[in-house]
Amino acid sequence: MITGPRQTLPIGQSDFAMLRQENCVYVDKTDLIFSLCESREKIFLVRPSGFGKSLLVSTFESLFKYGLRDFKGLAIEKLWHDKTYDVVRLDFSGLNEFADGEDFQQRLQSFWLSKFAPLGFAYSHDSGIDFIDQFKVWLDSREYSSLVVLIDEYDAPLTSNLDNQEVFDSICRTLSKFYLALKEYEGVLRFFFMTGMTKACNAKIFSSFNILKNISGKTQYGSILGFTEEEIAYNFSAYLHRASQSLDITDDDLMGQLAEHYGGYCFETRAEVHVFTPWSVLNFLDDPKSGFVNYWYGSGGKPAVLKKYLKNHLLRAPLEASEHTEIRLQELYSSQAYDDIDANTLLLQTGYYTIRSVTDDGYAILGCPNREVAASVTKLYTDDQNGEKGPAVQVS
């Protein structure tokens, strides 16, 4: 894609259709999106904050709901020949505040009803049939392969209640009923995609909803979220040139500095694909004169699941930049209960560790990805002790 002054940076933009309509720079991932969408599989993906999970969900929504309307000039335009579908997008990030398990159930049912009602689902309080059973009747009435369901931040209600076992278990039971209904009538699903920050805390849900294909560690999709160095150089050339002039350094030096501060991430289990944090790169390119600021920590570097883990477990500080640790590959994205999860796994899934390399005997070597994260490590523990939120800091 050719970029220039007329294309703006998509900072904080998670609506794909609006991003395209406003002529923002879009790093074309649609070849990978096509690879996922051409099948009828049910997909699950874990990534930390700041990597564009919501934008990816919105891209799926646009493709299945409106076809190629928003994809002019992108790779998928020549590949996609499917029709449009009924699409339900569920963002669970707003379902993290409620009084108890019963309150959550009522809020969730109201949320589901608001999303599925436009497609014909109606709930009768007086029928004597509970909500999920009525939902099943509606699913049973639908045609084969006629519905697309997209779930963003699926783990938000769970991670916000890690310290309340009774409420946590109630949430799990409520969500499990919904996922079991989708599993029972999976034939109506043309496509299903679910994403969140971690695959911890919810082993009960994943044991019942075992039709998901977890692509979190797949090399083929290692760059579906995050920017590769080649993508940055190709898509943001005008902004890179402006930044190098602002800092009075060469273009090569600038890319090296970007990699040192915001790159170094690898999530796939062959350790072949490395990416940069989009949120930090975009904010830096927007204001290069401020230098290499720690953008990530304030926007998502203190996830509830990690903060509560630190509160409830004896955990030494994560590794410093030069250190490393190792963990079995099979544990990286496996479904584990909160009390059983390995700290290294949680630190990888929340973005504090990255996969540096893998061994022949099935281990991943983990370490800190970059300077921004190294600075965030100190702030994480300092803020946790002081109960304060510090300002953005220089990481150079």
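I begin with a definition: a residue is called buried under 20% relative accessible area, exposed over 50%, and partly exposed in between, with a 1.4 Å probe and protein chains only. This is a predicted model, in which local features need pLDDT of at least 70 and side-chain atom pairs count only at pLDDT 80 or more, while totals for chains, interfaces and linings use all residues. Residues are numbered from 1 along each chain as its sequence is written, and side-chain values use heavy atoms, with hydrogens and water left out.

Let me turn to the overall picture. The protein has 16 helices and 8 strands; these are DSSP runs numbered from the N terminus, with helices (H or I) of at least four residues and strands (E) of at least two. Of its 396 residues, 55% are buried. Contact here means heavy atoms within 4.5 Å. Among contacts between residues at least 6 apart in sequence, 74% join residues at least 24 apart.

Next, the interior. A nonpolar core is a set of buried Ala, Val, Leu, Ile, Met, Phe, Trp, Tyr and Cys residues joined through side-chain atoms within 4.5 Å. The largest such core has 100 residues, and Phe92, Trp112, Phe116, Ile151, Phe178 and Tyr179 have the most contacts inside it. Helix H7, residues 165–184, gives the most to this core, with 9 residues. Which residues does Phe116 contact, leaving aside its neighbours within four places in sequence? They are Val88, Leu90, Phe121, Phe135, Trp138, Leu147 and Phe178. A second, separate core of 21 residues includes Val281, Phe284, Val293 and Tyr295.

On the cysteines, a search of the whole structure finds 0 disulfides, a disulfide being a pair of cysteine sulfur atoms within 2.5 Å. Cys24 is buried, with a relative accessible area of 5%. Cys368 is also buried, at 5%.

Finally, I draw attention to two residues in loops. Asn23 has a positive phi of about 60° although it is not a glycine, and it is found in the loop between helix H1 (16–21) and helix H2 (30–37). Ala271 likewise has a positive phi of about 60° without being a glycine; Ala271 lies between helix H11 (251–262) and helix H12 (278–286), again in a loop. Are these residues buried or partly exposed? Asn23 is partly exposed, with a relative accessible area of 35%, whereas Ala271 is buried, at 15%.
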